[in-house]
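The sequence and the structure are shown first.

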Amino acid sequence: MNENDRTTIGRYELITLLAHGGMAEIHLAREHGIAGLERVVVIKKMLPQLAADPEFVDMFLREARIAAKIQHPNVVEIYDLGKDKETYYIAMEYIRGTTTREIDILAQKRNGNVPINIAIAIIIGALRGLHVAHELTNDDGQNVGLIHRDISPHNIMCTGDGNVKLLDFGIAKSTQKNVEATYSGNLKGKFAYMSPEQCLRKPLDRRSDLFSMGIVLWEMVSGERLFKRNSEMEMMQAITSGDFKKPQRAFPPGLEEIFSQALHTDKNKRFFTAEIFRYALQAFAENNNLDISVD
């Protein structure tokens, strides 16, 4: 987008298009406030054709409001939810940093894998944010059952000061079967990070996200892709059948046990919460004298 193509939505000036998906466009934008106050934000703008679907709009607004309640250093912050003309948008925190996918690629170009202590430190940060989101309650104190459903290296970002941010939590996602069937194109490219129950369209709970987080960690440590296959169908078959690749690099025994639990095809045999998963990683790091500090 060049200078002459810039547009506005609400009080935000759209600077450049960052991504275009099956549900929304992601823009880098600048917020204009009073007295010359400005800040850079990210705008997630619903596609116009979806804005005409009352069911999708209701889902988008409801889940955006829920996600906006998540206040944690390890989760991207949502600033605003609005409507401009005939479409809806979300303004969120702009993160200056690098995605875990980019870190994986850079490591592979250099020595093949991310150091174990760095990989564990990143996942521990992501698990902190994930647990807070999973524990989110409504005004009556009841757990809302929020599930990310799209945990992947693309949605975990590391900032320059060593912080970890979990992105895109629960925005424009639903477990409603009719919505999934209509807009399933949004899942393209992420099949390799789904849980077995997600592949089989079974009811999901927080343990689905933990399986996905286990895949991200496995790939960071090994420098390989765990479920990457020739087609989406082959990926899902590998996930549901437990067809795990053997890494070229042997994992330390304690870490292998963690992977066995995190990546179990039976969700009842996985870590029950992100917090328990995090404790297991912290204990492993301590037992192996690994420095997982971010200082």
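## Aromatic rings and a buried helix face

One aromatic cluster is formed by Phe-211, Phe-227 and Phe-244. The model is a predicted one.

A pair of aromatic rings is described by the distance of the centres and the angle of the planes. The count of aromatic pairs in this structure comes to seven. One of them joins Trp-218 and Phe-251, with 5.9 Å from centre to centre and 85 degrees between the planes, an edge-to-face arrangement. This pair links distant parts of the chain, as its two residues are 33 residues apart. Trp-218 belongs to helix α7 (residues 206-222), while Phe-251 sits in the loop between α8 (232-241) and α9 (253-262). Both Trp-218 and Phe-251 are buried.

Phe-251 also pairs with Phe-259. Their ring centres are 4.9 Å apart and their planes stand at 45 degrees, so this pair is tilted. The cut-offs behind the two labels are angles over 60 degrees for edge-to-face and under 30 degrees for stacked, with the rest counted as tilted. The two pairs that involve Phe-251 are set out below.

| Pair | Centre to centre | Angle between planes | Arrangement |
|---|---|---|---|
| Trp-218 and Phe-251 | 5.9 Å | 85 degrees | edge-to-face |
| Phe-251 and Phe-259 | 4.9 Å | 45 degrees | tilted |

Phe-251 has a relative accessible area of 10% and is buried. For Phe-259 the relative accessible area is 4%, and this residue is buried as well.

Phe-259 is also one of the buried residues of α9, together with Leu-255, Ile-258 and Ala-262. These four lie on the same side of α9, because the arc they cover around the axis is only 100 degrees. An α-helix has 3.6 residues a turn, so residues three or four places apart point the same way. On the face of α9 turned away from the buried side are the exposed residues Pro-253 and Glu-257. What covers the buried residues of α9? The cover includes α4 (116-134), α7 and α10 (274-287).

Elsewhere, a charged side chain meets a ring: Arg-39 lies over the face of Tyr-79, at 3.8 Å from the ring centre.

How many disulfides does the structure hold? The number is zero. A disulfide is a covalent bond between the sulfur atoms of two cysteines. Cys-158 is buried, at a relative accessible area of 13%. Cys-199 also counts as buried, with 12% relative accessibility. Both values fall under the 20% cut-off for a buried residue.

Key
Residues are numbered from 1 along each chain as its sequence is written. This is a predicted model: local features need pLDDT of at least 70, side-chain atom pairs count only at pLDDT 80 or more; totals for chains, interfaces and linings use all residues. Side-chain values use heavy atoms; hydrogens and water are left out. Rings of Phe, Tyr and Trp (its six-membered ring) pair if their centres lie within 6.5 Å; planes under 30 degrees apart count as stacked, over 60 as edge-to-face and the rest as tilted. Buried means under 20% relative accessible area, exposed over 50%, partly exposed in between (1.4 Å probe, protein chains only). A charge sits over a ring if NZ of Lys or CZ of Arg is within 6 Å of the ring centre and within 35 degrees of the ring normal. The arc is that of the directions from the helix axis to the C-beta atoms. Contact means heavy atoms within 4.5 Å. A disulfide is a pair of cysteine sulfur atoms within 2.5 Å.
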